[in-house]
Each structure stands twice: as structure tokens, then as C-alpha cells.
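User: I'd like a close look at one part of this model, the aromatic rings and what surrounds them. Could you walk me through it in plain words?

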Amino acid sequence: MMKKSVMAAIGMALLISSVAANAGPFGLEMGQSLTQIDNDAKQAAPNVYTTSEVPKPHSAFELYALKIGKKSGLCWVKAIGKDIGTSAYGIELKSEFNDMKSKLEKAYGKHETTDVLLPGSIWDEPDDFMMAMIKKERFLMAVWDREQGSSLKDNLESIALIASPGGRDEGYLSLEYSFSNKEVCDKEIAALEDGAL
């Protein structure tokens, strides 16, 4: 009898460790409810919550936004990075972006990087990099998805790494993960909002 209970306990421990090993970004999994993640998360928008507590935090990020449908559960995660002091040229921000992009490349493979200044922008000198971002005339981002041939796992549909300005002399990175239930989740949330009309 004792042997059976010990074996059952070992089996349960192995099951739990295998589930934990397969956990998605920041230790989060598609379909989780808010209570499974963080009961103390703050509501930022309908069905969007913010928290600084995730199972596997990363030192580059200080806040996590979670989109959670009542039926579909967790469908989208956005990690918001710490402020990065940078020059008007955006050198430090671009360096941090490239470092994080390299880490994501190792995990997910092929991607597409967009580093573009919109046509007609007056902020076209090298030292206008941050001002062009502030004016929403320059974009720096990388996307991993099936279209790019990325190696997505853990029910992920897409990943986006985005550089954003915090001002002329600082910026931050954000990292968005969309799970394969996001479309269903968005429809569920939209239907709830429409029901309020």
C-alpha cells in the first residue's frame, strides 16, 4: 500500500514537472484563467489585466498585460520593458532591440524585421531617430509567425518585438505573444462589449 502511494506521488510530480517544462512564454499557457495566473492583477481595459507577477519573469521586463476571455482564457500577453536611456540617434535602444531579437531568433527561428521611416517624414537625419519614433513616423519591430516559417510552439500564433519611444532620450521594448485562440477570444470580448450598447 505504501509503495503504491509513493509511486502515485512520484507519478504526479513527474506530470507536474512535464507540464511546467512545456509552459509557454513567462511560464504562461493558452487558456489560463485570471485566477490561475494572478488574482491581484489590475484591470487595465475590458478583459485586459496588468501584473508584475508571472511564473517565469524576465529581467528586461517590468509589467505584463494579459488579455483573458471568460470562456477562451488567456489569449495574448504583452511584456513591457524597463526604460532604456538612449541618445537622439537611438543607439542604445537599437542595441537592446537587437540583443533581444537575437535571443528570440534562437528560440523561434525565422522572422521579419521592419525598420522603416515613413516617406515624406522631415525627421530623416540620423540624430532624428527618436523624434521620428515619437511622431509615429519611424517603426522598429520584428515579427515571428507561420508566414515567416518561424518555429512556434506552446500554441503560439505570433510574436512581435517592438521598440517604442518614451521621450527623446529614452525608449523601451515590448514583446507581444498571441496564442492560437486569440481570434476566438477577441470575438468573445467584442460580443460582450457590443452587448453593453
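To start, is Tyr 108 buried or exposed?

Analyst: Tyr 108 is buried, because its relative accessibility is 8% and anything under 20% counts as buried. Keep in mind that this is a predicted model.

A pair of aromatic rings is described by the distance of the centres and the angle of the planes. Searching the whole structure turns up four aromatic pairs. Take Phe 26 and Tyr 64: their ring centres are 5.0 Å apart and the planes make an angle of 65°, so this pair is edge-to-face. It also links distant parts of the chain, as Phe 26 is in the loop between α1 and α2, while Tyr 64 is in strand β3, 38 residues apart. Phe 26 counts as buried at 9% relative accessibility, and Tyr 64 is buried too, with a relative accessible area of 1%.

Back to your residue. The ring of Tyr 108 pairs with that of Tyr 177, with centres 6.5 Å apart and planes at 65°, so this pair is edge-to-face as well. Here, too, distant parts of the chain are linked: Tyr 108 belongs to helix α3 and Tyr 177 to strand β9, 69 residues apart. Tyr 177 is buried, with a relative accessible area of 5%.

The charged end of Lys 67 sits over the ring of Trp 76, 5.9 Å from the ring centre. Likewise, Lys 94 lies over the face of Phe 129, at 4.4 Å from the centre of that ring.

Finally, follow Tyr 64 back to its strand, β3. Strand β3 runs antiparallel to β2, and four bridges join the two; in one of these pairings, Thr 50 has Ala 65 as its partner in β3. On to β1, which is joined to β2 by three bridges and also runs antiparallel to it. There, Lys 42 has Thr 50 as its bridge partner in β2. The hairpin of β1 and β2 has two residues between the strands, and Asn 47 takes a positive phi near 65° in it.

What about the two sides of β2? In a regular strand the side chains alternate between the two faces of the sheet. In β2, Val 48 and Thr 50 are on one side, Tyr 49 and Thr 51 are on the other, and all of them are buried, so both faces of this strand are covered.

Conventions: Residues numbered from 1 in each chain as written. Predicted model: local features only at pLDDT ≥ 70, side-chain atom pairs only at ≥ 80, totals over all residues. Heavy atoms only, no water. Phe/Tyr/Trp six-rings, centres within 6.5 Å; stacked < 30°, edge-to-face > 60°. Buried < 20%, exposed > 50% of the residue type's maximum accessible area, 1.4 Å probe, protein only. Lys NZ or Arg CZ within 6 Å of the ring centre and 35° of its normal. Pairing = 2+ DSSP bridges.
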